Amino acid sequence: MSEDPFGDLDAAMGGEESASDPEPEPEPESADTDAAAESEAEPEPESLEEVDPRERPAFEFDETVHKALYVLESVADEFDDIITYDVERDLTRDHGLKGVTKSELHNAALDVATEHPEEIVERVLEQRGVDDENSE
């Protein structure tokens, strides 16, 4: 798990790493490697169930995919402002969350949109200047 709350932003902005990049194949382990690994047993990391959910992102960045959305610049700017200054601040200050990632915020925003398709229809009609009463 990445401790960098902005680590996913670089990938989303076209950085070197991307969630859509295939993971490298693991090297086959030899019998010597297995024996060495057993003798140097590391303590097991704390399981996710034991970690306070306020301390870690809801999901790993590697679980995400990069999807391009084409929006008007003014809408994108307003979205970024709301996500960064209102939502993220509310989550960190009022709810004590740490390490809130952009991928969590974007995922939640799209989740809300998918739960309200009727509002998306209304907004597209409004953008085109189509009166809902006259659409049929």
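A residue is called buried when its relative accessible area is under 20%, exposed when that area is over 50%, and partly exposed in between. The model discussed here is predicted. In it, K98 has a relative accessible area of 47% and is therefore partly exposed.

The side chain of K98 forms a salt bridge with that of E55, with an N to O distance of 3.6 Å.

A second salt bridge joins the side chains of E88 and K102 at 3.5 Å, N to O. Since E88 belongs to helix 3 and K102 to helix 4, the pair ties together parts that are 14 residues apart in sequence. Here both partners are buried.

The side chains of D94 and R93 also meet in a salt bridge, at 3.3 Å from N to O. D94 has a relative accessible area of 47%, so it is partly exposed. R93, at 58% relative accessibility, counts as exposed because the cut-off is 50%. The count for the model comes to 5 salt bridges.

Other charged residues form a negative surface patch, made up of E118, E119, E122, E126, D131, D132 and E133. Patch members must have over 30% relative accessible area and no salt bridge. D132 lies in the segment after helix 5 (117-128). With a relative accessible area of 48%, D132 is partly exposed.

Technical notes: Residues are numbered from 1 along each chain as its sequence is written. This is a predicted model: local features need pLDDT of at least 70, side-chain atom pairs count only at pLDDT 80 or more; totals for chains, interfaces and linings use all residues. Side-chain values use heavy atoms; hydrogens and water are left out. Patches are made of residues with over 30% relative accessible area and no salt bridge: like charges are joined within 9 Å, nonpolar side chains (Val, Leu, Ile, Met, Phe, Trp, Tyr) within 5 Å. Accessible areas come from the Shrake-Rupley method with a 1.4 Å probe; for residues, only the protein chains shown count as cover. A salt bridge is a side-chain nitrogen of Lys or Arg within 4 Å of a carboxyl oxygen of Asp or Glu. Lys and Arg count as positive and Asp and Glu as negative; His and the chain ends are not counted. The place of a charge is taken as NZ of Lys, CZ of Arg, CG of Asp or CD of Glu. Helices (H or I, at least four residues) and strands (E, at least two) are DSSP runs, numbered from the N terminus. Buried means under 20% relative accessible area, exposed over 50%, partly exposed in between (1.4 Å probe, protein chains only).
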